[in-house]
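Open the structure in your viewer and keep the sequence beside it. The tour starts with the whole chain and ends at a single residue.

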Amino acid sequence: MASTGLTRRRPTTGTRRSRAGWQFTAPFLVVFALVFLAPIGYSLYLSVFRTQLVGGTAFVGLDNYARVLADPQFWSALGTVTLFLAVQVPIMLFLALLIALALDSGRLYGASFFRISVFLPYAVPAVVATLMWGFLYGTRFGLVGNVNEAFGISLPDPLSPDLILASIGNIVTWEFVGYNMLILYSALRVVNPVLYEAAAIDGAGQVRIIRAIKLPALRGPLLIATIFSIIGSFHLFNEPSILQTLAPNSITTYFTPNLYAYSLSFAGQQVNYAATVAIVMGVVTMVVAYLVQLRGIRKAA
């Protein structure tokens, strides 16, 4: 029987594995492209155009970016979230660290109930939490007003321009202390108990154990929690957006960068400029998070 000269090659083991790998990852890649890459690409596209009443949409190149860098409202919003980050994040992580150490010590009565109680606020939606705290902050209808009326005193208004950022920081801290506590507590639970036994045999007290064993074990988790908190601080939106209706004189449309971009897009109909603000903030967040990560890795090394 004559040979046609054509031979069918059987796929090798490596080829079959490669195909199987692409089949498993393809759904994720499709979703990743649709919900992450596509919005970024579209935002980049919008940021190089400008829509005007006269002339319609025109290509402007990097003019929108130059406008953002010279925009005092953008820098005011960036300064607000930077101050928020510098004050709120250390306080929140310090409280989370204290709670995690207390739970891991084994000397806390009702540790399971306490752990769930601290973590529970994280399960409350941000909108509900902000509305709840906004009611408590009210001087005419809320807890502050009731205390003033009951005791005949005049407590400072938590929704005043001078205290609004601290009030938002209190809400965010209440929401996310439990989340960060769980990260740190989980890291402490995987520490080898032999290290504690050896330290106890050597006569080390609890303070020495914390400094020599527990804190070094928490460097990585603390770095992760710090990066997540930095990203969350730069993306602050829900709390000021909801409290804006209760304190319009304290929270402007450019209180935070995300609120500024939202106001530009939906209230000012400046979609192109709003996309530019969002991209610039994304770059700022990425750079700061990377620098913090790089510094943390160098310290760990």
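How many positive and negative side chains does the protein chain have, and how far apart do the centres of the two sets lie? Select Lys and Arg as positive, then Asp and Glu as negative, leaving out His and the chain ends. The protein chain has 19 positive and 10 negative side chains, with the two centres 23 Å apart; each charge is placed at NZ of Lys, CZ of Arg, CG of Asp or CD of Glu.

This is a predicted model: local features need pLDDT of at least 70 and side-chain atom pairs 80 or more, while totals for chains, interfaces and linings use all residues. Residues are numbered from 1 along each chain as its sequence is written, and side-chain values use heavy atoms, without hydrogens and water.

Next, show the C-alpha atoms of the protein chain, which fill a box of roughly 105 × 80 × 35 Å along the principal axes. Switch to a cartoon to see 13 helices and two strands (DSSP runs numbered from the N terminus: helices are H or I, at least four residues; strands are E, at least two).

Now select helix α13, residues 271-300, and within that helix Asn 272. Is Asn 272 buried or exposed? Asn 272 counts as buried because its relative accessibility is 8% (buried is under 20%, exposed over 50%, partly exposed in between, with a 1.4 Å probe and protein chains only).

Finally, show what surrounds Asn 272. Beyond neighbours within four places in sequence, its contacts include Leu 46, Arg 50 and Asn 64 (contact means heavy atoms within 4.5 Å). Phe 49 is also among them, and the side chain of Asn 272 reaches the backbone oxygen of Phe 49 at 3.4 Å.

Notes
Polar contact = N/O pair within 3.5 Å; in protein donor to acceptor, adjacent residues only side chain to side chain.
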